[in-house]
Amino acid sequence: MRVIFLLCVCLVHGEHLELDQVVSVPEGWLHEGRVSPLEEVELTFALKQQNVDKLQELLALVSDPDSQHYGKFLTLEEVASLVQPSQLTEKVVQTWLQSHGVTRCHTVLTRDFLQCSMTVQVAETLLSGAEFQRYRRDGQTIVRSSSQYSVHDDVSQHLDFVGGVLRFPPRGKEISKGWTGARHSKSFHLGVTPATLRARYNLTAADVGTAANNSQAVAQFLEQFYHPADLAEFMSLFAREFKHLTEVERVVGTQGGGKAGLEASLDVEYIMSTGANISTWVFTNPGRHESQEPFLQWMLLLSNMSAVPWVHTISYGDDEDSLSTCYMNRINNEFMKAGVRGISMLFASGDSGAGCRHLPKEQNVFRPSFPASSPYVTTVGGTSFKNPFKVTYEVTDYISGGGFSNVFAMPDYQVSAVKAFLKGKQSLPPESYYNASGRAYPDMAALSDNYWVVTNLVPIPWVSGTSASTPVVGGILSLINDQRFVKGLPSLGFLNPRLYKLQGTGLFDVTEGCHLSCLDDKVEGQGFCAAPAWDPVTGWGTPNYPDLLTALGKD
């Protein structure tokens, strides 16, 4: 499929910042009416950064094990000095805001975001064309504009986008699928527990964290939170055989009341039982306001905290085609800022296989997800046991997200691996369904099927999704970081350049099974299929901890 890469349309008429951002109300959101002009909103202004090309070059150098700069990471203060906006950019934006009476603003250490409170009336004056409405879904209300916005011609060249205006939060996926019988044709599974994972990935009881300077984190954005009592109960039931922690070290953000969320419980319980005995943080709905974007709020926190955990696992994504290119490019810059600091970002690949987008004239194409499709994160797919009653080899979990970006070019680190797959013996979907020159994902995988989770003090079986596999991989990378720290080595940082140079060393290759896609007469619901070496369903495969530690535990 020939795809013309979307160019950032930031300067159409010198005013519109996000013309290619989808402006529509997602299913499930109910319109409650126009917001009063005197109500307050909090908007996030993403100021143009400097030296983004140098940032990209630097990330390649510190992430390439063959580079003499490998592992020589920057502090947040050094990152700030590299990318912070020009004095002209700061002055133009601040003068523009102050001329409209906007003075209640705060920035971050890198000075490239500005968060400002103002009335709706002022916001709609600043952002010509915007009309703020209130929407409700499942008890949550948000404020968003029902139409595109533009900014003054003199200001547009100094901003990437304005957050809190157009993007709706994606719906949290239903990750417990066993109850509906939707998972294959099996009605029973022994279930995946920490002991199962340790047996499959060759972790012993001695494989726990010991380094005082190690840490890991999960980030959650969908109005979910975990209960500390659930974590303690989970560990007492499933983690007796190895040393572990029963409490989260730090919660950043606001833990809501009421029932615990299944996905939040899953994330915390499995990163802490895989990356056992390692200090763990939870980023949860940071600073939620009706007009804020929780994912963006988390990105701001990372730009304002000098010390953060080394591994972050995130089960979050949206359709790539629903987001503006300017927004995604800027988020990629934020991932690069994290990478040059030595932080590993792991994202779930999604639970829709190759996805499907229905275009006019009965034409379908696969639908990649972002940030899974970002070239600057490590994306984790999912697998199932071949035999559900034994710890056997793994096959593709048919929901495992994967494919090719329609926006981002294939990064150099994966070109040879992906081209080998495309030239392989396995059959491929029709070329019109995907962009074979785009960033391909996932990068690796782990079991994503039939987990046991404790939530609201009840053990629940059959919890599935790449939101299970991602914290497992995160915990394993944290254990490898731990061994590196004991030796005085730096963290792994952005893993992909080194991962692809390993060419599968330290990983169990997954070669069976296909994931789902469009239900039409051309592909009949089948996307890509697993193959030897790298494939766009399970990446390079699943961790074999001792071998992966040998491969990654040294410089």
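Which residues does Thr313 touch, not counting residues up to four places away in sequence? Here are some notes to read beside the model.

1. Please keep in mind that this is a predicted model, where local features need pLDDT of at least 70, side-chain atom pairs count only at pLDDT 80 or more, and totals for chains, interfaces and linings use all residues. Residues are numbered from 1 along each chain as its sequence is written, and side-chain values use heavy atoms, leaving out hydrogens and water.

2. Thr313 touches Ala217, Val218, Ala219, Ile271, Leu346, Thr470, Pro471 and Gly474, where contact means heavy atoms within 4.5 Å. Thr313 sits in strand S11 (residues 311-314); helices (H or I, at least four residues) and strands (E, at least two) are DSSP runs, numbered from the N terminus. Thr313 is buried, with a relative accessible area of 2% (buried means under 20%, exposed over 50%, partly exposed in between, with a 1.4 Å probe and protein chains only).

3. Now look at helix H1 (residues 52-63), which has 12 residues. Its buried residues are Leu55, Leu59, Val62 and Ser63. They lie on the same side of H1 because they cover an arc of only 90° around the axis, taken from the directions from the helix axis to the C-beta atoms. An α-helix has 3.6 residues a turn, so residues three or four places apart point the same way.

4. On the other side of H1, Asp53 and Glu57 are exposed. The buried residues of H1 pack against helix H2 (76-83), helix H10 (325-339) and helix H13 (496-502).

Note on methods:
The expected span of a helix is 1.5 Å times one less than its number of residues.
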